[in-house]
Amino acid sequence: MFYVISYDIVDDKRRKKLSDFLESFAIRVQCSVFETEMESSRLEKLVAQIQKLIDQKEDTVRIYPLSRSLRRQIITIGNDKGHYYENDVIII
């Protein structure tokens, strides 16, 4: 499944830790938005680690699943940092 991950982290130190962690799982397409393709078992590990890295009272992380058909409907205006997802790709 393809996922879009976005975050709003209040603290600079937590934000840096989270963004560094997400870069090991996903491709940054905007400052606080990542895209990735992964199996559900890997997603569970990702969610568990995110829960450890953020302050759940102050911070927000959203993970949006996108089906293959919806992924093909993504519209990008400007520099398309996620264009290589046009073909079926799995990042490990």
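1. Asp-12 and Arg-15 lie three residues apart in helix α1, so about one helical turn separates them. Helices are DSSP runs of H or I with at least four residues, strands are runs of E with at least two, and both are numbered from the N terminus. The model is a predicted one, in which local features need pLDDT of at least 70 and side-chain atom pairs count only at pLDDT 80 or more, while totals for chains, interfaces and linings use all residues. Residues are numbered from 1 along each chain as its sequence is written, and side-chain values use heavy atoms, with hydrogens and water left out.

2. The side chains of Asp-12 and Arg-15 form a salt bridge, 2.5 Å from N to O. The term means a side-chain nitrogen of Lys or Arg within 4 Å of a carboxyl oxygen of Asp or Glu. By this rule there are five salt bridges. Asp-12 is exposed, at 54% relative accessibility. Arg-15 is partly exposed, at 28%. The cut-offs are under 20% relative accessible area for buried, over 50% for exposed, and partly exposed in between (1.4 Å probe, protein chains only).

3. Asp-20 is partly exposed, at 36% relative accessibility. An α-helix has 3.6 residues a turn, so residues three or four places apart point the same way.

4. Which parts of the chain does the pair of Glu-58 and Arg-14 link? Their side chains meet in a salt bridge of 2.9 Å, N to O. Glu-58 is in the loop between α2 and β4, Arg-14 is in helix α1, and the two are 44 residues apart, so the link joins distant parts of the chain. Glu-58 is partly exposed, at 45%. Arg-14 is buried, at 19%.

5. Asp-59 joins Arg-14 and Glu-58 in a network of salt bridges. Asp-59 sits in the loop between α2 (40–53) and β4 (60–66). Asp-59 is buried, with a relative accessible area of 6%. Its side chain reaches the backbone nitrogen of Val-10 at 3.0 Å. Neighbours within four places in sequence aside, Asp-59 is in contact (heavy atoms within 4.5 Å) with Asp-8, Ile-9, Val-10, Asp-11, Arg-14 and Ile-54.

6. Now α2. Its 14 residues should span 20 Å at 1.5 Å a residue, and the end C-alpha atoms are 20 Å apart, which agrees. The expected span is 1.5 Å times one less than the number of residues. Leu-43, Leu-46, Ile-50 and Leu-53 are the buried residues of α2. Seen down the helix axis, they fall within an arc of 85 degrees, so they line one face of α2. The arc is that of the directions from the helix axis to the C-beta atoms. These buried residues pack against β1 (2–8), α1 (12–23) and β4. The face turned away from the buried side carries exposed Glu-44, Lys-45 and Lys-52.

7. Last, the aromatic rings. The whole structure holds two aromatic pairs. In one, the ring centres of Phe-21 and Phe-25 are 4.9 Å apart and the planes are at 55 degrees, so the pair is tilted. Rings of Phe, Tyr and Trp (its six-membered ring) pair if their centres lie within 6.5 Å; planes under 30 degrees apart are stacked, over 60 edge-to-face, and the rest tilted. Phe-21 is buried at 17% relative accessible area, and Phe-25 is buried at 14%.

Conventions:
A polar contact is a pair of N or O atoms within 3.5 Å; within protein, one must be able to donate a hydrogen and the other to accept it, and residues adjacent in sequence count only if both atoms are side-chain atoms.
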